[in-house]
Every structure is written in C-alpha cells, then in structure tokens.
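Subject: Structure handover

Hello,

Here is the structure for you to look over. My notes on what was found follow below it.

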Amino acid sequence: MQPDTQKKLHNGVAIPTVGLGVFQIENGPVAEKAIRSAIDAGYRHIDTARAYHNEESVGKAVRNAGIPRDEIFVTTKLWNADIRAGRARAACEESLSRLGLDYIDLYLIHWPADGFEVAWSEMETLYREGKLRAIGVSNFQDHHINTLMQNATITPMVNQIECHPLLTQKPLREYCESKGIACEAWSPLGGTGGNLLDHSALAAIAQRYGKSVAQIILRWDIQGGLITLPKSVHPDRIASNINIYDFELSAEDMAAIDSLNQDRRVGPDPDHFNF
Ligand code: A2P
C-alpha cells in the first residue's frame with residue numbers, strides 16, 4: 001500500500017483516506033450493489049448513519065464481501081433525536097443490530113444537538129467496552145468541540161464536516177489539527193445537484209493531469225490531510241474516485257484549489273440547523 005491510503009487516528013487506529021459515502025443511497029439492492037462495487041474497486045471504508053436508513057444494506061454488503069471484517073472500516077452516526085432523548089447507548093446497540101456487526105469502527109455524533117455532552121460520555125463508555133474502535137463528532141464548530149471537551153475524558157478522534165473547494169474550512173481544520181482530531185470531508189464533490197464538477201478552473205487542472213475533476217478534488221483532499229467520503233451509485237465513478245494514489249498535485253495547484261474558497265455551504269449550517 002502506498003503511504004497516503006491510510007491515516008492513523010490519535011488512538012492508533014488506521015483509517016483509509018477514501019471511504020464510500022452512502023447518504024441518499026436507497027437501502028436494499030441499490031446500496032448493496034454500490035458497496036459491493038466499492039469493495040471490488042478497493043475501498044475498505046464505508047460511511048453511513050442512522051439517519052441514512054441504509055445501515056442494514058451496509059452491514060449485509062460488508063458481511064458478504066468475502067473480506068475479513070477487520071479489513072473494512074465502518075462508520076455510523078448517532079442521530080439528533082437519540083441525542084436529545086439521552087439514548088446514545090440504546091441507539092448505538094440498535095445500529096449494531098441493523099448492521100449485524102459486533103463492533104463499529106467509528107461512531108460519530110451526527111450534529112451538535114442539545115445533549116451532545118451526555119451522549120459523548122455514553123460513547124466514551126461504549127468505546128472503553130470495545131463496541132466502538134474510535135469515536136468522534138460531525139458538523140462540530142470549534143466552540144462545540146470546546147464545550148464537549150469541558151467534561152470529556154477522550155478527545156474526539158474525528159470531526160466529519162462539509163468540505164470542498166468552495167468551502168475549504170481552513171480555520172476549523174487547523175483548530176482540529178491542533179487538538180489531534182482528524183477531519184473528514186462530506187460532500188467532497190460539492191454534493192448532489194451541485195455544479196462544482198463543472199468548475200472551469202478545476203477542469204483546467206484536471207486536463208493538465210489527465211484526470212477527472214472529481215479525481216483532482218479528491219486528491220486535493222487527501223494531500224491536504226483530509227479523509228474524504230465521495231458518494232456515488234455508479235460503479236465506474238466509484239472506481240475512478242479511489243484511483244487517486246498514482247499522482248500528486250503540485251504545491252501551486254494545491255494553492256490554486258485552496259483559493260477557490262467562498263465559504264459556501266451546500267448543506268445546513270451547524271450553528272443554525274432545525275432538525
Ligand atoms: P451519482 O451517485 O449519480 O454518481 P458528494 O460526494 O459531494 O456528495 O457528491 C456526490 C454527487 O456527485 C452525487 O450526485 C454523485 O452522483 C456525483 N458523483 C460522484 N462521483 C462522481 C464522478 N466521478 N463524476 C461525476 N459525478 C460524480
């Protein structure tokens with residue numbers, strides 16, 4: 001394996017730097033086929049959530065992949081209603097049961113919903129019990145992490161955030177790095193229905209490297225230290241999205257992509273969400 005196919009979380013657990021994101025992929029044959037294609041193409045990392053309603057398919061595809069369980073990294077997430085209801089342990093056990101797995105590689109607080117401090121304490125216990133190999137947060141701003149850390153005994157291993165060339169999140173990423181928290185990018189390609197893949201500056205870079213715009217963005221992610229979670233249901237795109245380890249972007253091109261930032265979100269703002 002080449003060096004940047006994996007990263008080490010602060011507890012020593014290795015995480016593949018590209019994972020298949022399965023938001024909005026329908027539970028059942030569609031999800032199972034997409035995950036199967038991903039595993040066949042070399043993915044060893046699948047990112048789901050309670051709220052995506054496809055944990056059953058993720059578990060089934062992982063269990064039937066013909067790959068040892070400990071070679072596939074599975075993430076799922078604690079949903080807001082369960083955080084607010086103070087039922088992190090029950091929700092985690094329900095996710096394990098839907099997945100049909102004995103442990104989860106990474107369990108994340110999906111959004112900073114009220115009660116996340118209590119949820120974190122329960123997740124620390126589940127982690128110590130060995131049901132979770134790593135724990136983290138998602139959609140947390142620096143002030144949410146500061147609040148969480150006031151009573152935490154374990155620093156989150158991960159913060160999964162919206163991140164792409166129009167929302168580079170440099171300050172938050174630097175803050176996380178200073179705490180040893182790895183950042184993961186959701187909607188790395190600008191999300192479903194976005195037009196980031198048509199961006200002319202990215203297209204020009206892609207042409208020079210003989211790569212697709214998606215490959216350029218995903219390479220920029222991992223070269224910038226991110227773990228990236230592109231979503232697709234198409235086997236050809238799934239395969240090409242992980243085919244990014246055989247080239248390197250120059251420092252100038254990394255900086256050119258950084259400079260496209262407009263602080264423009266495609267998803268909800270973590271400081272103002274209503275679900
Ligand atoms: P599809 O599932 O039809 O392939 P993000 O990962 O930022 O959420 O973006 C995912 C969107 O980009 C999805 O709509 C997905 O559609 C599309 N997509 C994923 N990979 C590629 C690719 N290599 N080329 C073009 N579109 C892609």
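**Cavity and pockets**

The largest cavity has a volume of about 40 Å³. This is a predicted model: local features need pLDDT of at least 70, side-chain atom pairs count only at pLDDT 80 or more, and totals for chains, interfaces and linings use all residues. Residues are numbered from 1 along each chain as its sequence is written, and side-chain values use heavy atoms, without hydrogens and water.

A search of the whole structure gives one cavity of 30 Å³ or more. On a 1 Å grid over the protein atoms alone, a cavity is a set of points where a 1.4 Å probe fits but cannot get out; a pocket is an open set with protein on both sides within 12 Å along at least five of seven lines; lining residues have an atom within 4 Å of a point. Grid points are joined across faces, edges and corners, and a volume is the space filled by probe spheres set on the points.

The lining of the largest cavity is Asn 139, Phe 140, Gln 141, Ile 161, Glu 162, Gln 169, Leu 172, Arg 265 and Pro 270. By class, that lining has four nonpolar, three polar and two charged residues (Ala, Val, Leu, Ile, Met, Phe, Trp, Tyr, Cys and Pro count as nonpolar, Asp, Glu, Lys and Arg as charged, and the others, Gly among them, as polar).

The largest pocket has a volume of about 870 Å³. Its lining has 38 residues, and the closest to its centre are Phe 23, Ser 187, Gly 191, Thr 192 and Lys 231. The lining of the largest pocket splits into 15 nonpolar, 19 polar and four charged residues. Helix 10 (residues 235–242) supplies the largest share, three residues. Helices (H or I, at least four residues) and strands (E, at least two) are DSSP runs, numbered from the N terminus.

The second largest pocket holds about 190 Å³ of space. Helix 7 gives the most to its lining, with four residues. The classes there are four nonpolar, three polar and five charged.

**Aromatic rings**

There are seven aromatic pairs. Rings of Phe, Tyr and Trp (its six-membered ring) pair if their centres lie within 6.5 Å; planes under 30 degrees apart are stacked, over 60 edge-to-face, and the rest tilted.

Phe 23 and Tyr 52 form a tilted pair, 5.1 Å centre to centre with 45° between the planes. These two residues are 29 residues apart in the chain. Phe 23 is partly exposed, at 45% relative accessible area, and Tyr 52 is buried, at 14%. Buried means under 20%, exposed over 50%, and partly exposed in between (1.4 Å probe, protein chains only).

Trp 111 and Phe 275 have ring centres 5.1 Å apart and planes at 90°, so this pair is edge-to-face. They are 164 residues apart. Trp 111 is buried, at 5%; Phe 275 is partly exposed, at 30%. Ring pairs join Trp 79, Trp 111, Phe 273 and Phe 275 into a cluster.

Arg 69 sits over the face of Tyr 103, 4.1 Å from the ring centre. The criterion is NZ of Lys or CZ of Arg within 6 Å of the ring centre and within 35 degrees of the ring normal. Arg 219 lies over the face of Phe 247, at 5.9 Å.

**Helix 11**

Asp 253, Met 254 and Ile 257 are buried in helix 11. They cover an arc of only 105° around the axis, so they are on the same side of helix 11. The arc is taken from the directions from the helix axis to the C-beta atoms. The face turned away from the buried side carries the exposed residues Ala 251 and Glu 252.

Best wishes
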